[in-house]
Amino acid sequence: MEQNRIAVFASGSGTNAENLFKYFLGNEKIKIDSLWANKSDAYALVRAKKYGVESFVFNRNQFYNTNEIVETLRNRKVNVIVLAGFLWLIPDNLVENFTIINIHPALLPKYGGKGMYGMNVHKAVVENKETHSGITIHYVNENYDEGKIIFQAKCAVLPGDTPEQVAEKVHELEYKHFPSVIENSISNNS
């Protein structure tokens with residue numbers, strides 16, 4: 001049986017990436033192959049090293065104007081890319097060659113699109129007096145947050161909740177659901 005190989009792309013601290021490293025450790029069917037970061041100071045790189053996950057750092061030119069990343073991923077037999085706090089729009093050459101899964105910290109289609117990430121999302125949710133927020137795990141296409149939805153989970157937003165409190169609730173949902181939804185999605189498609 002062919003092993004599915006995941007490349008995790010991250011821009012920041014990498015808490016979701018680390019959660020994935022832990023979850024898939026020792027999994028015979030799915031392996032975290034590598035971590036890819038667009039910032040050389042992304043803490044996700046430190047987390048990857050701790051788990052023995054090989055890391056790559058790339059720049060905007062390599063990402064948007066070359067096939068270097070596609071070729072390296074292919075050579076490593078990667079077939080799935082998971083975005084774990086990765087903020088750049090994914091170029092066509094990656095979208096066309098890989099299954100790409102993203103997690104978004106809101107219930108799409110609300111609060112999606114360019115600039116809607118992290119605390120920006122949670123502030124907007126609180127300012128608009130939403131009663132719920134949550135996570136959306138979705139496939140990635142050529143537009144921000146518009147790919148087919150795989151899974152959503154909700155949490156209550158109480159009157160008086162701060163954006164930080166909403167973020168905490170959303171993070172809990174991310175940690176609880178992201179790894180198993182990825183595993184089910186890959187298992188159902190292989």
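Because the model is predicted, local features are taken up at pLDDT of at least 70 and side-chain atom pairs at pLDDT 80 or more, while totals for chains, interfaces and linings use all residues. Residues are numbered from 1 along each chain as its sequence is written, and side-chain values rest on heavy atoms, with hydrogens and water left out.

The largest pocket has a volume of about 810 Å³. A pocket here is an open set of points on a 1 Å grid over the protein atoms alone, where a 1.4 Å probe fits, with protein on both sides within 12 Å along at least five of seven lines, and lining residues have an atom within 4 Å of a point; grid points are joined across faces, edges and corners, and the volume is the space filled by probe spheres set on them. Its lining comprises 41 residues, of which Gly85, Phe86, Leu87, Tyr117 and Gly118 lie nearest the centre. Two or more lining residues come from each of helix H1 (15-24), strand E5 (99-104), helix H6 (118-127), strand E6 (132-139) and helix H7 (163-189), where helices (H or I, at least four residues) and strands (E, at least two) are DSSP runs numbered from the N terminus. By class, this lining has 16 nonpolar, 19 polar and six charged residues, with Ala, Val, Leu, Ile, Met, Phe, Trp, Tyr, Cys and Pro counted as nonpolar, Asp, Glu, Lys and Arg as charged, and the others, Gly among them, as polar.

The second largest pocket holds about 170 Å³ of space, and of the 14 residues that line it, Leu25, Lys31, Ile32, Tyr51 and Val53 are the closest to its centre. H1 and strand E2 (30-37) each give two or more residues to this lining, and E2 gives the most, with four.

H1 is largely enclosed by the rest of the structure, because seven of its 10 residues are buried, that is, under 20% relative accessible area with a 1.4 Å probe and protein chains only. These are Asn16, Ala17, Glu18, Asn19, Leu20, Phe21 and Phe24, and they pack against strand E1 (4-10), E2, helix H2 (44-50), strand E4 (80-83), E5 and H7. Just after H1, Gly26 takes a positive phi of about 80 degrees.

Pro105 lies in the loop between E5 and H6 and is buried, with a relative accessible area of 12%. Leaving aside residues up to four places away in sequence, Pro105 touches (heavy atoms within 4.5 Å) Gly118, Val121, His122, Ser133, Gly134, Val170 and Glu174.

Terms used: Buried means under 20% relative accessible area, exposed over 50%, partly exposed in between (1.4 Å probe, protein chains only).
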